[in-house]
Amino acid sequence: MRLNSNRRGFLATASALAAVVLSPYKLFSSNHKASGVIPSVKGFGSTGNPYDELGVTTVINCEGTMTTLGGSLPHPELEAVMTMAGRHFVSITELEVAAGNRIAEMLKLPEGYTALVTSGAAAAIQSGLAGILTGGNEAFIRQLPDLTGMKSEVIIQKSHRNPFDHQLRTTGVKLVEVETIEELHAAVNDRTAMMHFSNFANAAGQIKVDEWVRLAKQYNLPCMNDAAADTPPVSHLWDYTNMGYDLVTFSGGKAIRGPQCAGLLIGRKELVANALLNNSPHEDTIGRSQKVGKEEILGMVKALELFLSEDHDALAREWQGRLELISSEITRVASVNTSFFVPDIANHVPHMRITWDESRISLTAEEAAKLLRGSKPSIAISRGEGEPGLAMNSFMLQPGEDKIVAAQLSKLFREHAA
Ligand SMILES: *Cc1c(COP(=O)(O)O)cnc(C)c1O
């Protein structure tokens, strides 16, 4: 591989980069006030916080890996590799295939499977389905979303419908909703292209994740599982291919902490190859708008390497510890209570619910969330999602931010105490 032929140069570059890359990262971790100057940057960015320079407020993130807040923050090592990526030209398709093979190796995917770095899980959904519809037929690839001559239906459980099935519909297919096995049986026909599963909705649907793929095999239909936000646990990266799913999608920029504009399509080699034909850099394709750069492709390989080598139990303990620190502080305010939970699937990390007696602290959860977001520093924290109070997690907090959150919450509750 071309990158290796200059390996020593790269190592030297790496250590040089580490110096440049690490220092701004440190500045960023105490990000509310740009407190230093990075000598290597003049003009825009010279304060160390270009967000501030634009007048855009940075937030302390208690919500988790939300795309609307910027997803996640990269490891400095990942930033270093992405910077290295920007120093050479390569064939993007050659790089995609090589990166996919490396990822398949790292994840110990079953024989016959590989991976494709996409611009996100949403792009993986669209490209994966597009590849199933068109195969390697160039005319079909140019023709999408006009499905003349192709299959045109995707079966999905009614409870699995969600905003990301827009990326299925962009290919022109019709979604056929089913609830029971009988309805599924009746829905399968010559036009059926694929069966789709939304992993986070496993509990909501009558047909569970393992049965869905078993049924797809019976009908000889390709089967996709959207598991975008469903790591940790790490094993989800291979559990669903081991179960027999033909295509599985993940976000790169959520808990994997890869490049923000990256995701993974993991699946059978032929399907993944056809997905790539429907994606950037190939022109006159439905996926040309989902460009993936060399930086994201290499970044995704590095992010997975880092993610796989992390001590996930230790991380979970650290995240729980941050919540307990906040809890011990805020429950000193009369009537404030906390409880802990871990969602079964999707954002499977320690969470804390915060409730209070509104007759003693005159503040609704909605008002509390709004005031915190407007406070200095700004804190993004969720409403209870159907439950009373506020809900938060701590896995996207930067060092020291747990203490700031504890202090801000206590102050807010005390200010509104009767
Ligand atoms: C976040 C998410 C996506 C989209 O992932 P991106 O990587 O942001 O494109 C798709 N499906 C589900 C269930 C998600 O949570």
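Start at arginine 383. Arginine 383 is partly exposed, with a relative accessible area of 40%. Here buried means under 20% relative accessible area, exposed means over 50%, and partly exposed lies in between (1.4 Å probe, protein chains only). Accessible areas come from the Shrake-Rupley method with a 1.4 Å probe; for residues, only the protein chains shown count as cover.

Before moving on, note that this is a predicted model: local features need pLDDT of at least 70, side-chain atom pairs count only at pLDDT 80 or more, and totals for chains, interfaces and linings use all residues. Residues are numbered from 1 along each chain as its sequence is written, and side-chain values use heavy atoms, with hydrogens and water left out.

**Salt bridges**

Glutamate 366 forms a salt bridge with arginine 383, with the closest N and O atoms 3.7 Å apart. The pair ties together parts that are 17 residues apart in sequence, because glutamate 366 lies in helix H15 (residues 365-374) and arginine 383 in strand S12 (residues 382-383). Glutamate 366 is exposed, at 52%. A salt bridge is a side-chain nitrogen of Lys or Arg within 4 Å of a carboxyl oxygen of Asp or Glu. Helices (H or I, at least four residues) and strands (E, at least two) are DSSP runs, numbered from the N terminus.

By this salt-bridge rule the count comes to 13. Select glutamate 415 and lysine 411 for another: the N to O distance is 3.8 Å. Both are in helix H16 (residues 401-415), 4 residues apart, so about one helical turn separates them. Then pick Arg161, Asp165, Arg169 and Glu177, which are linked in a network of salt bridges.

**The ligand**

Select the ligand next. Which residues surround it? Among them are Thr67, Gly120, Phe164, Phe200 and Lys254; a residue is near a molecule if one of its heavy atoms lies within 4 Å of it.

- Serine 251: a polar side-chain atom lies 2.6 Å from a ligand oxygen.
- Aspartate 226: a polar side-chain atom is 2.7 Å from a ligand nitrogen.
- Alanine 122: a polar backbone atom is 2.9 Å from a ligand oxygen.

On its own the ligand has 380 Å² of accessible area, and the protein covers 82% of that.

**Inside the protein**

Go to valine 213 in helix H10 (residues 209-219). Valine 213 is buried, at 2%. Leaving aside residues up to four places away in sequence, valine 213 touches Cys223, Met243, Gly244 and Tyr245; contact means heavy atoms within 4.5 Å.

Now color helix H12 (residues 269-277). Its buried residues are Leu271, Val272, Asn274, Ala275 and Leu276. They pack against elements including helix H5 (92-106) and strand S7 (247-251).

**Backbone stops**

Select threonine 231 and proline 232. A cis peptide bond joins them, with omega about -5°. Proline 232 sits in the loop between strand S6 (223-226) and helix H11 (236-243).

Serine 280 to proline 281 is also a cis peptide bond; omega is near 15°. Proline 281 is in the loop between H12 and helix H13 (294-309). Aspartate 284 lies in the loop between H12 and H13. Aspartate 284 is not a glycine, yet has a positive phi of about 55°.

Conventions
Polar contact = N/O pair within 3.5 Å; in protein donor to acceptor, adjacent residues only side chain to side chain.
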